[in-house]
Amino acid sequence: MALLAQQLSRRFNSVKLNSFIKAKQVTKHSARPGKAVLPSFSAQALLSSDTCFLQRGIKTYRTLFWNSFHSASTSRKKSSAESTLLPSVTEQQEKILSPESELPLEELDDLPPLSPLQSVSEEEAIQIAAYSPLPISSFTLADYVDHSKTLQKLVQLGVDLSKIEKHPDAANLLLRLDFEKHIKEILLFLKDLGLEDNQLGPFLTKNYAIFSEDLENLKTRVAYLQSKNFSKTDIARMVKNAPFLLSFSVERLDNRLGFFQKELELNVKKTRDLVVRLPRLLTGSLEPVKENMKVYHLELGFKHNEIQHMVIKIPKMLTANKRKLTETFDYVHNVMNIPHHIIVKFPQLFNTRVFKIKERHLFLAYLGKAQYDPAKPNYVSLDKFVSFPDKIFCKEIAKASLNDFEKFLKTL
């Protein structure tokens, strides 16, 4: 019996030593960018897992010992004398031992011997469960979802972990966070801001870094926007369409608003309306904006007040691709012979595919109806020219069938 206790003691000490070594190795292991995900989280989980394994192992051995001891003691009890008035040693041990009793390792010497070849009943086998180990490192957050309640709740909200895991630092951040302590208050803040439940997932997928922001700083930025007379609806719309907006400091937001007001010479109300319609003007790079302003003025020949008018109507013109702008203008101005003052009235031309403009213009020219000057009769409205779907364009503008239009396109 003493030999068996020594063997058991060595076995449990070995498990504990292996767990400690494994955890130390995991702690020292550093994940390369794009490769591993949060080794420190894995180390903690691994320590916890080994502790649970040790406890389950002790409980399983204790259960098996008790069952074996119970069978042996029962047989001895039947053959013992019944004349004594004092409870037998066997009865005392039966009262002390139970499958669920907490027995320290030092008292394993008192347990009866258990043969390694002893059969295990179905009930005992069911209690022996196999638990999948937490990976030390992984290429995907999917390996951690079953072990992390935080990740599970984020998935339920609609967060796309496959996009976040492409950024190892972000994945490590999520694995370190506790949902109740770090995430819940941010979600309540976003809900109070006006975001709907179905908008939280897409928002957090893009701006997962908001969980590293201080809640008071977020409230301060919202208070700043409110001080600039942005309504609650405006702020909710801006945050939804530009998820990184709340990650910008008050100073940066103020500088961006000042830039557009000064560059475009807009009043406060028009500046506010501009960024509400295209809030990524406050979060994106200013270089494309500065470049496009030069293109409109120096290359395309628009006056400053004309640029101002077009931008207020179509804010996307400030961030449009330079090549697309020049191609569109070249075709509309030089091929369709539309002058600057008419283009200014219909800036949505710059927001339309050049290929679509070419197809429709060539079809109208083929029909002899390519007239775009409002001062002349039977002119074609450029607004309808670019906005109508093909079927309505053919019926209302070209006065032809869709089949005729499709046949014409095959000749191009």
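Trainee: Which residues in α10 are buried?

Mentor: They are Gln199, Leu200, Gly201, Phe203, Leu204 and Thr205. Keep in mind that this is a predicted model, where local features need pLDDT of at least 70 and side-chain atom pairs pLDDT 80 or more, while totals for chains, interfaces and linings use all residues. Residues are numbered from 1 along each chain as its sequence is written, and side-chain values use heavy atoms, with hydrogens and water left out.

Trainee: What makes a residue buried, and what makes a stretch a helix?

Mentor: Buried means under 20% relative accessible area, exposed means over 50%, and partly exposed lies in between, with a 1.4 Å probe and protein chains only. Helices are DSSP runs of H or I with at least four residues, strands are runs of E with at least two, and both are numbered from the N terminus.

Trainee: What covers the buried residues of α10?

Mentor: The cover includes α6, α7 (161-164), α9 and α12 (232-241). Contact here means heavy atoms within 4.5 Å.

Trainee: Why are α9 and α10 called oblique to each other?

Mentor: Their packing angle is about 120 degrees, with the axes 11 Å apart. Axes are lines fitted to C-alpha atoms, for helices over the stretch in contact, and angles run from 0 to 180 degrees between N-to-C directions. Under 35 degrees is roughly parallel, over 145 roughly antiparallel, 65 to 115 roughly perpendicular, and the rest oblique. The α9 and α10 pair is therefore oblique.

Trainee: Which residues meet where α9 packs on α10?

Mentor: Leu187, Leu190 and Lys191 of α9 meet Asp197, Leu200, Phe203 and Leu204 of α10. By class, that contact has five nonpolar, no polar and two charged residues. Nonpolar covers Ala, Val, Leu, Ile, Met, Phe, Trp, Tyr, Cys and Pro; charged covers Asp, Glu, Lys and Arg; the others, Gly among them, are polar.

Trainee: Is Glu180 buried, partly exposed or exposed, and what about Lys153?

Mentor: Glu180, at 48% relative accessibility, counts as partly exposed. Lys153, at 31%, is partly exposed too.

Trainee: How many salt bridges does a search of the whole structure find?

Mentor: There are nine. One of them joins Arg360 and Asp390 at 2.8 Å, N to O. This pair links α19 (residues 354-367) with α21 (residues 390-398), 30 residues apart. Arg360 is buried at 2%, whereas Asp390 is partly exposed at 36%.

Trainee: Why is Pro315 called buried?

Mentor: Its relative accessible area is 7%, so Pro315 falls on the buried side. Pro315 sits in the loop between α16 (304-313) and α17 (322-335). Setting aside neighbours within four places in sequence, Pro315 is in contact with Leu274, Arg277 and Leu278.

Trainee: What makes Gln348 buried?

Mentor: Its 13% relative accessibility puts Gln348 in the buried class. Gln348 is in the loop between α18 (340-345) and α19. Not counting residues up to four places away in sequence, Gln348 touches Lys313, Ile314, Asp383 and Val386.

Key: Salt bridge = Lys/Arg side-chain N within 4 Å of Asp/Glu carboxyl O.
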